[in-house]
Amino acid sequence: MSSVEIPVTADQGPDAALIERARRLFSGRVDFLLSAPGLEFIPDPAVPEVAFAGRSNVGKSSLLNAITGRKALARISVTPGRTQELNFFEVGGLPGELPDFRLVDMPGYGFAKAPPAVVERWRQLVREFLRGRVVLKRALVLIDSRHGVKQVDIDMMRMLDESAVGYRLVLTKADKVKASELAAVHASTLAEARKHSAAFPVVAVTSSETGLGIAELRAAVLADAEI
Ligand SMILES: Nc1nc2c(ncn2[C@@H]2O[C@H](COP(=O)(O)OP(=O)(O)OP(=O)(O)O)[C@@H](O)[C@H]2O)c(=O)[nH]1
Ligand SMILES: [Mg+2]
């Protein structure tokens, strides 16, 4: 994996101090708060939030677990499309008090055989959440390294562009592809990012399995929550 040539400039990577601060913060309090099947169930917008979006089975829950260093914080599904609610997690602060920020595991999209009514319900929930959530600082859009950016990902990116929610693209499951394939999918994903008004012109490369890129992404999430 270290032989992959992925262009990184000095100002793109979080510094060592931020990585260490993020590690410490995430080794403290990280709690599941609630699972919201509709907007009437979401918590008060009291603290900053960073949301995780991506196709069903892309590895959202696994990445959340890796970033928070918890084995089973977010449920890892065997059946694609299991996370159909907005799941909120609290990070930092003291139990019983407001956390420093929250992470939001968004329901996966693009799973095969979903009835149109389910897709429409998903679209409404996500769009209204993105448009109305003033505390939402950033989103991460996860892309499977084996598949690259699909039309459903572009649809998601457009919803974020329209809501003016800034987002990072994150390649998941990097351990599943060869170095040459990883370099190619990184380049094509970066090219797509550059077409979108709210996307950062950087693409993170991660594996929840091997830990590749996790410390850096954790630091980026902390920086996003603090903007
Ligand atoms: N090899 C490898 N497998 C992974 C990685 N991340 C996730 N997986 C596997 O991919 C499958 C889906 O992972 P999840 O984390 O449940 O994906 P999700 O995006 O939360 O899925 P939904 O909630 O159903 O939308 C599981 O079998 C994971 O074990 C990774 O970095 N490497
Ligand atoms: Mg999930």
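This is a predicted model: local features need pLDDT of at least 70, side-chain atom pairs count only at pLDDT 80 or more; totals for chains, interfaces and linings use all residues.
Residues are numbered from 1 along each chain as its sequence is written, chains are lettered from A and ligands numbered from 1 in the order in which they are written, and side-chain values use heavy atoms, leaving out hydrogens and water.

I begin with the sheet. Seven strands form an open sheet in the order 1-3-4-2-5-6-7, with mixed pairing. Strands here are DSSP runs of E with at least two residues, helices are runs of H or I with at least four, and both are numbered from the N terminus; two strands pair if DSSP finds at least two bridges between them. At the edges lie strand 1 (30-36) and strand 7 (199-205), each pairing on one side only.

Within the sheet, strand 2 (residues 49-54) and strand 4 (residues 101-105) run parallel, joined by four bridges. V50 has L103 in strand 4 as its bridge partner. Helix 5 (residues 179-193) packs on the sheet and touches strand 5, strand 6 and strand 7, contact meaning heavy atoms within 4.5 Å.

I turn now to a helix pair. Helix 3 (residues 116-132) packs with helix 4 (residues 151-163) at about 30°, their axes 9 Å apart; axes are lines fitted to C-alpha atoms, for helices over the stretch in contact, and angles run from 0 to 180 degrees between N-to-C directions. Helix 3 is therefore roughly parallel to helix 4, a term for angles under 35 degrees. Among the residues that meet are W122 and R123 in helix 3 and D155 and M156 in helix 4.

Terms used:
Angles under 35 degrees count as roughly parallel, over 145 as roughly antiparallel, 65 to 115 as roughly perpendicular and the rest as oblique.
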